[in-house]
Amino acid sequence: MSQKVTVFGLHAVRSVLKQHPERLIELFVSRERQDASVAEVIGQAEAIGIRPQWIPKQALDKRAEFGNHQGVVATIKATPPLNENDFSSLIEKAGGQPLFLVLDNVTDPHNLGACMRTADAAGATAVVVPKDKSAQITPTVRKVACGAVDNIPLVVVTNLARALRTLQELNVWVIGTAGEAEKSLYQIDFKGPVALVMGAEGKGMRRLTRETCDELASIPLDGSVSSLNVSVASGVCLFEAVRQRNAD
């Protein structure tokens, strides 16, 4: 029997209806929210045979665990995440030139959602996270990701260092980010198969993760701050890779 998950927010629900309408089970709509944006979602749901259930905003708040649901909450069939056994097929699908975003120590669901949104925008192959000590897909992640959860694969691995070694065996160059790295981000070659490893703000990567990387790079910072939020740093690095790959 398929697991069920909650999705809330206009962007997240629209994304499910657009990308995977067959996964929609129920749609709940706030009685207090009747406007064009909500009407569009209702129309899309009714087109696939799902009639909305109108409930009070207070009841909707509870279904969304008091997140900003914007008047719509859906119940959908969950899809199991990928694992390290899927690396080969992901690399093949990327034409042998994958760009993985690997997150170590990122436990805040808002950061995971923002990173998935950034990775999707950059056309990354997949986002990789460890099973433990990491945020996983939640309604909050879906809301922050603005639909990216349904577009970019998430790979959940049991042991991150071992997963990185698996990628290396598949000829993927593993680049970690660290403030003290001697090489600047802009001195790194991102044109080949790459896995970009980002640590959480402040903590950075764990020791074993760092030691497994083929190369370390730093983001030059000229202001008074000592580090960037992980989603911002991911965007800087991913789009440098995109710039290099599109340069030819």
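This is a predicted model: local features need pLDDT of at least 70, side-chain atom pairs count only at pLDDT 80 or more; totals for chains, interfaces and linings use all residues.
In which sense, left-handed or right-handed, does H1 pass H2?

Residues are numbered from 1 along each chain as its sequence is written, and side-chain values use heavy atoms, with hydrogens and water left out. When I say helix or strand, I mean a DSSP run, H or I with at least four residues for helices and E with at least two for strands, numbered from the N terminus.

Okay, back to the helices. H1 passes H2 in a left-handed crossing, meaning the near helix is turned anticlockwise from the far one by less than a right angle. Helix H1 covers residues 10-19, and its axis comes within 10 Å of the H2 axis, crossing at roughly 25°. Axes here are lines fitted to C-alpha atoms, for helices over the stretch in contact, and angles run from 0 to 180 degrees between N-to-C directions. So H1 and H2 count as roughly parallel, the label for angles under 35 degrees. On the H1 side the contact (heavy atoms within 4.5 Å) involves Leu-10, Val-13, Arg-14 and Leu-17. H2 brings Ser-37, Val-38, Glu-40, Val-41, Gln-44 and Ala-45.

Next, strand E2, residues 24-30. Of its 7 residues, 5 are buried, that is, under 20% relative accessible area with a 1.4 Å probe, protein chains only. E2 runs antiparallel to E4 (residues 72-77), with 5 bridges between them; strands pair if DSSP finds at least two bridges. Leu-24 has Ile-76 as its bridge partner in E4. With E3, residues 53-55, E2 pairs in the parallel sense over 3 bridges, and Val-29 stands opposite Trp-54 there. Getting from E2 to E3, the chain goes through H2 (residues 36-47) in a right-handed β-α-β crossover. Right-handed means that, with the strands pointing away from the viewer, the path from the first strand over the helix to the second runs clockwise.

How many strands form the open sheet with parallel pairing? There are 6, in the order E7-E6-E5-E9-E8-E10. E7 (154-157) and E10 (215-217) are the edge strands, each pairing on one side only. On average, neighbouring strands are turned by 25° against each other, direction ignored.

Let's look at some pairs. E8 (residues 173-177) and E9 (residues 194-199) run parallel, joined by 4 bridges, with Trp-173 opposite Val-194. E6 and E7 are also parallel, with 4 bridges, and Val-128 faces Val-155 in E7.

H7 (residues 160-169) lies across E5, E6, E7, E8 and E9, at about 165° to E5.

Last stop: Ser-234, in helix H9, residues 230-245. Its relative accessibility is 0%, so Ser-234 counts as buried. Leaving out residues up to four places away in sequence, Ser-234 touches Leu-101, Leu-103, Cys-115, Thr-118 and Met-198. That's my tour, thanks!

Key. Buried means under 20% relative accessible area, exposed over 50%, partly exposed in between (1.4 Å probe, protein chains only). Angles under 35 degrees count as roughly parallel, over 145 as roughly antiparallel, 65 to 115 as roughly perpendicular and the rest as oblique.
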